[in-house]
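Subject: Structure for your review

Dear colleague,

Please find below the structure that I am handing over to you.

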Amino acid sequence: MPEIAVPDHAALIERSFEGAAERGCDITPLVFERFFALAPQAEGLFDQDALDPQGRGRMLAEMLTILVDQARGEGYVAPTLATIAADHVAYGVADHGLYAVWLEALTGVVRDLNGPGWSAEMADAWASQGGRFLAALARNRHPAAG
């Protein structure tokens with residue numbers, strides 16, 4: 001199935017991330033702090049952070065790139081999500097619901113940092129592309145993931 005492009009969503013997600021970045025801080029610790037507050041059981045899945053301290057930042061950057069490129073209809077996104085789903089099963093991520101919590105944490109931090117610059121259109125872009133991301137992961141979920 002060809003990827004469906006929603007260019008306005010790509011621009012809105014990029015604009016919202018730029019608005020968050022204008023606050024002058026690395027959002028990575030904020031996102032993970034919120035994620036672990038919402039899903040404390042997930043913190044144990046990040047034991048490898050001591051071996052790769054930049055891993056969280058790369059995960060966040062990859063997520064933003066995937067959401068934007070998915071909105072642009074880039075063909076690489078679907079196979080990449082299949083690989084991500086398989087990799088996360090190998091990492092021990094058995095709770096598919098953690099992906100939604102991760103998106104909730106990311107979206108919440110970006111929204112909060114945008115303050116009054118956050119718009120209903122941005123919220124719609126994040127919700128729509130987040131939903132597409134979750135649906136693609138669900139289609140590619142390994143049976144062992146439950």
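I begin with one residue. Phe 133 touches Met 63, Ile 66, Leu 67, Gln 70, Leu 81 and Leu 103, leaving aside residues up to four places away in sequence. Phe 133 is also one of the residues that touch the most other members of the largest nonpolar core, a core of 41 residues. The largest share is that of α5, which gives 10 residues. As general background, nonpolar side chains in soluble globular proteins tend to be buried together.

Please note that the model is a predicted one. The protein has 6 helices and 0 strands, and its pattern along the sequence reads α-α-α-α-α-α. Of its 146 residues, 39% are buried. Among contacts between residues at least 6 apart in sequence, 80% join residues at least 24 apart.

Helix packing

Two packed helices are described by the angle between their axes and by the distance between those axes. For helix α3 (residues 55-72) and α5, the angle is about 90° and the axes are 12 Å apart. The two helices, α3 and α5, are therefore roughly perpendicular to each other. On the α3 side of this contact are Met 59, Leu 60, Met 63, Leu 64 and Leu 67, which meet Trp 102, Leu 103 and Leu 106 of α5. Sorted by class, the contact of α3 with α5 holds 8 nonpolar residues, no polar residues and no charged residues.

The pair α2 and α3 also packs at an angle of about 90°, with axes 10 Å apart. It follows that α2 and α3 are roughly perpendicular to each other. Here Thr 28, Val 31, Phe 32 and Phe 36 in α2 meet Arg 56, Gly 57, Met 59 and Leu 60 in α3. The residues of the contact of α2 with α3 comprise 5 nonpolar, 2 polar and 1 charged.

The two sides of helix α2

In helix α2 (residues 28-38), the buried residues are Thr 28, Val 31, Phe 32, Phe 35 and Phe 36. They lie on the same side of α2, because the arc they cover around the axis is only 125°. In general, an α-helix has 3.6 residues a turn, so residues three or four places apart point the same way. The cover over the buried residues of α2 includes α3 and α5. On the face turned away from the buried side, α2 carries the exposed residues Pro 29, Glu 33 and Ala 37.

Individual residues

Thr 107 is located in helix α5 (residues 97-114). Its relative accessibility is 19%, so Thr 107 counts as buried, the cut-off being under 20%. Leaving aside residues up to four places away in sequence, Thr 107 touches Trp 118 and Trp 126.

Leu 137 belongs to helix α6. With a relative accessible area of 1%, Leu 137 is buried. Beyond residues up to four places away in sequence, Leu 137 touches Leu 81, Ile 84, Ala 85, His 96 and Tyr 99. Leu 137 and Ala 86 are 51 residues apart along the chain, and their C-alpha atoms are separated by 9.3 Å.

Val 6 lies in the segment before α1. Val 6 counts as partly exposed, at 23% relative accessibility. Although Val 6 and Gln 70 are 64 residues apart in sequence, they are 8.2 Å apart in space, C-alpha to C-alpha. Not counting residues up to four places away in sequence, Val 6 touches Ala 71, Gln 129 and Arg 132.

Glu 14 sits in helix α1. Its relative accessible area is 30%, and Glu 14 is partly exposed. Glu 14 touches Val 68 and Arg 72, again not counting residues up to four places away in sequence. The C-alpha atoms of Glu 14 and Leu 64 are separated by 8.3 Å, and these two residues are 50 residues apart along the chain.

With kind regards

Notes: Residues numbered from 1 in each chain as written. Predicted model: local features only at pLDDT ≥ 70, side-chain atom pairs only at ≥ 80, totals over all residues. Heavy atoms only, no water. Helix = DSSP H or I, 4+ residues; strand = E, 2+ residues; numbered from the N terminus. Buried < 20%, exposed > 50% of the residue type's maximum accessible area, 1.4 Å probe, protein only. Contact = heavy atoms within 4.5 Å. Axes fitted to C-alpha atoms, helices over the stretch in contact; angles between N-to-C directions. Parallel < 35°, antiparallel > 145°, perpendicular 65-115°, else oblique. Nonpolar A, V, L, I, M, F, W, Y, C, P; charged D, E, K, R; others polar. Arc of directions from axis to C-beta. Core = buried A, V, L, I, M, F, W, Y, C linked by side-chain atoms within 4.5 Å.
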